[in-house]
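Subject: Structure for your review

Dear colleague,

Please find the structure below, followed by an account of what was found in it. I would be grateful if you would read the two side by side.

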Amino acid sequence: MNISPFTRYYLRHLLAEHPTIQSYVSRDTHPLSIKEEYLERYMNLDHLTYPQLNQLKFLIELHQKIKVNEPHQTHQLQHIEQKIFDLIGIKLPVSHNALADLMSFFSQLVEPKEVPASPSFSHKATTLSEYYQYFQKITEVSTRYLGKMIVTNYWLLTRPNEGWLAKIQVEQFHNPNFKPQDQLLTNHEAEILQQWIHDFIQHCCRVLPILPRLLLAAGVPSHLLYDLVR
């Protein structure tokens, strides 16, 4: 299978930056100076299926965007790195105990740890109008592939059971020119809207698995997508 040079480079870079690897080499040696063949022998790249390769490419693209634009989102970055390591067959859980990780990585004597639970969404948007922009952009992209009727039904199907959401008309998501009466949201209200977006995308992924990648390319914030890779 054709693995692009950039994909191989990025994987080596992630592996070389891991605290386990850095603790293994001399402090005077830059991690990227480790020989390529030394790192690549731990990567199970030749047995990736095409769906797995597409997933890997999306994970790398998502990791790169977050690292450049939102480097403070360390929990998201670690979560994506864990998915990448799992996909290429490396049992290297993120941990502050570098020595324990090192023993587990090379001896495989320690049972692999479970992937940590996904952290809660970061509160990027704080007003209703800002969230409408998310809803409208996601609706625009989804409708191109699923059609207006399906998208509308999916929004209705995944709407959380919160009375105050009744004032939000799903049809408004199809009109990019519609602007709601703006209001500042509480943390709880923001979490509910984020959960609605999350559940909608997850539901769409059943029939359109590449939707998270399409949304990322369309400019939807990465913090809404990082745990939706299939």
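C205 has a relative accessible area of 1% and is therefore buried (under 20% relative accessible area; over 50% is exposed and anything in between partly exposed, with a 1.4 Å probe and protein chains only). Its sulfur lies 7.2 Å from the closest cysteine sulfur, that of C204, which is too far for a bond. C204 counts as buried as well, at 0% relative accessibility. The count of disulfides comes to 0, a disulfide being a pair of cysteine sulfur atoms within 2.5 Å.

Please note that this is a predicted model, in which local features need pLDDT of at least 70 and side-chain atom pairs count only at pLDDT 80 or more, whereas totals for chains, interfaces and linings use all residues. Residues are numbered from 1 along each chain as its sequence is written, and side-chain values use heavy atoms, with hydrogens and water left out.

Helix α8 spans residues 148–158, and V151, T152, Y154, W155 and T158 are buried in it (helices are DSSP runs of H or I with at least four residues, numbered from the N terminus).

The whole structure contains 11 aromatic pairs. Rings of Phe, Tyr and Trp (its six-membered ring) pair if their centres lie within 6.5 Å; planes under 30 degrees apart are stacked, over 60 edge-to-face, and the rest tilted. Y131 and Y134 make an edge-to-face pair, with 5.5 Å centre to centre and 85 degrees between the planes. Both Y131 and Y134 are buried. Since they are 3 residues apart in helix α7, about one helical turn separates them.

A second pair joins F135 and W155: the ring centres are 5.0 Å apart and the planes stand at 70 degrees, so this pair is also edge-to-face. It links distant parts of the chain, with F135 in helix α7 and W155 in helix α8, 20 residues apart. F135 is buried at 1% relative accessibility, and W155 is buried at 0%. F135 and W155 also belong to one aromatic cluster together with Y132, F173, F178, W196 and F200.

T139, in helix α7, is buried with a relative accessible area of 1%. A polar atom of the T139 side chain lies 2.7 Å from the backbone oxygen of F135. Leaving aside residues up to four places away in sequence, T139 touches V151, W155, F173 and H174.

The largest nonpolar core has 55 residues, and those with the most contacts inside it are W155, L193, W196, I197 and I201. Such a core is a set of buried Ala, Val, Leu, Ile, Met, Phe, Trp, Tyr and Cys residues joined through side-chain atoms within 4.5 Å. Elements giving two or more residues to this core include α1 (5–17), α4 (50–69), α5 (74–87) and α10 (211–217), as well as α7, α8 and α9.

With kind regards

Definitions and conventions
Polar contact = N/O pair within 3.5 Å; in protein donor to acceptor, adjacent residues only side chain to side chain. Contact = heavy atoms within 4.5 Å.
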